[in-house]
Amino acid sequence: MYNAESNRVSAPKVGFASLGCAKALTDSELILTQLNAEGYQTVKTFQGADLVIVNTCGFIDDAVKESLDTIAEALAENGKVIVTGCLGAKSGEDGRNLVRQLHPSVLAVTGPQATQAVMDAVHTHLPKPHDPFVDLVPNVFGSAGIKLTPRHFAYIKISEGCNHRCTFCIIPSMRGDLVSRPIGDVLTEAQALFEGGVKELLVISQDTSAYGVDVKYRTGFWNGKPIKTRLLELAESLGDMAHGYGAWVRLHYVYPYPSLDDVLPLMASARILPYLDVPFQHSHPDVLKRMKRPASGEKNLERIAHWRSVCPDIVIRSTFIAGFPGETEQEFEHLLSFMADAKIDRAGCFAYSPVQGAAANDLPGMLAQALREERRARFMEAAEAISAAKLQQRVGVTLQVLVDSAPGLGKKGGVGRTYADAPEVDGVVRLLPPEKISKTLKVGEFTKARIVGAHGHDLVAQPI
Ligand code: SF4
């Protein structure tokens, strides 16, 4: 009798390291899904793997260093390394590929969004398994592929690339112009994710508001019904779909174009979470012009006031840059006073740091690093005071909390998030042990909780 067990060829093992932002994470998920579908086994370690793939980030200097260190580590521990991702698209000062220049022994280097090129390199250096008895690892998300996030939340990428040319950013040179995914594909993936147990879907792209611009908002199809490739229709469909699964939909990287006003009622009626991640980067019109920011002509304070009038519960997250080239003290103070008026709920700030290849490097008036850092610290002091005051206002309120961690069914408490907290970037809710002995907390489930305190960026709550 044929013994499948004894004749089984063990699947080749591919070590995988995924660095960088949520967009890079979705690239990793595509590569892992393909490896999985072809019968490769994926492991998190470098030692013992037959080959290693490192998905890199090339955005800021710290990320470049982390990526280069990881490549060096993979080469030392394994020796057979394929590099992909944003750093793979970067050139060194002499115009040669930076990764190849620093690590000539890597097997192959590709840029971001290069699943096929990565798979070609894998096939060359670690041939495809031929054993028909190699099982495919079960994949709970079906057509949505493998996800690197915990099972109860997932990022969904709706487009690639960007049509803007912000002077501090090199993403368009690495990822190209905007290419929107067909709306039917996005909705099919979303449904597979909800079916697989996702309770929070995080919509990402480089510019979520621009979804469909490249295809002139063409009509696509989903479940036989026509639907426009546009943020409003996408948000409506995702919101309605999520409702059926008792799940959340959260929008990231949205720009304050007037068309966003159409999406606000969906937040006010809780079809999608009343949470807006809008990267303002600055407030002063001259700095925004030097940054070549999208929507730089918008009157953002008025827009924010309008959003809050339509949806009073809205939570606004944003990121800013302090010490951009040429920023005067008066321009920086404009930013501080914008913060005081706009009362951004969740704000992050980077001290400007030159990114190799960015147009902003050629702008006059580069500030000393100490001054850039000092402005960042002043900004964060103001931002944290605003955020702390906002969190204090939540004490006494009862909110839905999505549980992220709850050892022992929450008998000693757990950690979760409300609609106001995106994973990884915002604060969390520290859940106290439930008072009722019969109440349990489970990862990926919602619990109601009464907010009893606020510390730093986090809340403390009593599950009820
Ligand atoms: S909008 Fe600007 S910062 Fe964002 S990806 Fe496009 S060019 Fe870069």
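Helices (H or I, at least four residues) are DSSP runs, numbered from the N terminus. The model is predicted: local features need pLDDT of at least 70, side-chain atom pairs count only at pLDDT 80 or more, and totals for chains, interfaces and linings use all residues. Residues are numbered from 1 along each chain as its sequence is written, and side-chain values use heavy atoms, without hydrogens or water.

**Cavities**

A cavity is a set of points on a 1 Å grid over the protein atoms alone where a 1.4 Å probe fits but cannot get out; lining residues have an atom within 4 Å of a point. Points are joined across faces, edges and corners, and volume is the space filled by probe spheres set on them. Two cavities reach 30 Å³ or more. Helix H13 (residues 369-393) contributes the most, three residues. By class, the lining has three nonpolar, one polar and four charged residues. Here Ala, Val, Leu, Ile, Met, Phe, Trp, Tyr, Cys and Pro count as nonpolar, Asp, Glu, Lys and Arg as charged, and the others, Gly among them, as polar.

**Helix pair H2 and H5**

Axes are lines fitted to C-alpha atoms over the stretch in contact; angles run from 0 to 180 degrees between N-to-C directions. The axes of H2 and H5 lie 10 Å apart, at about 45°. Contact means heavy atoms within 4.5 Å.

| Helix | Range | Residues in contact |
|---|---|---|
| H2 | residues 22-37 | Leu30, Ile31, Gln34, Leu35 |
| H5 | residues 115-125 | Thr115, Val118, Met119, Val122 |

The H2 contact with H5 comprises six nonpolar, two polar and no charged residues.

Terms used: On a 1 Å grid over the protein atoms alone, a cavity is a set of points where a 1.4 Å probe fits but cannot get out, and a pocket is an open set with protein on both sides within 12 Å along at least five of seven lines; lining residues have an atom within 4 Å of a point. Helices (H or I, at least four residues) and strands (E, at least two) are DSSP runs, numbered from the N terminus.
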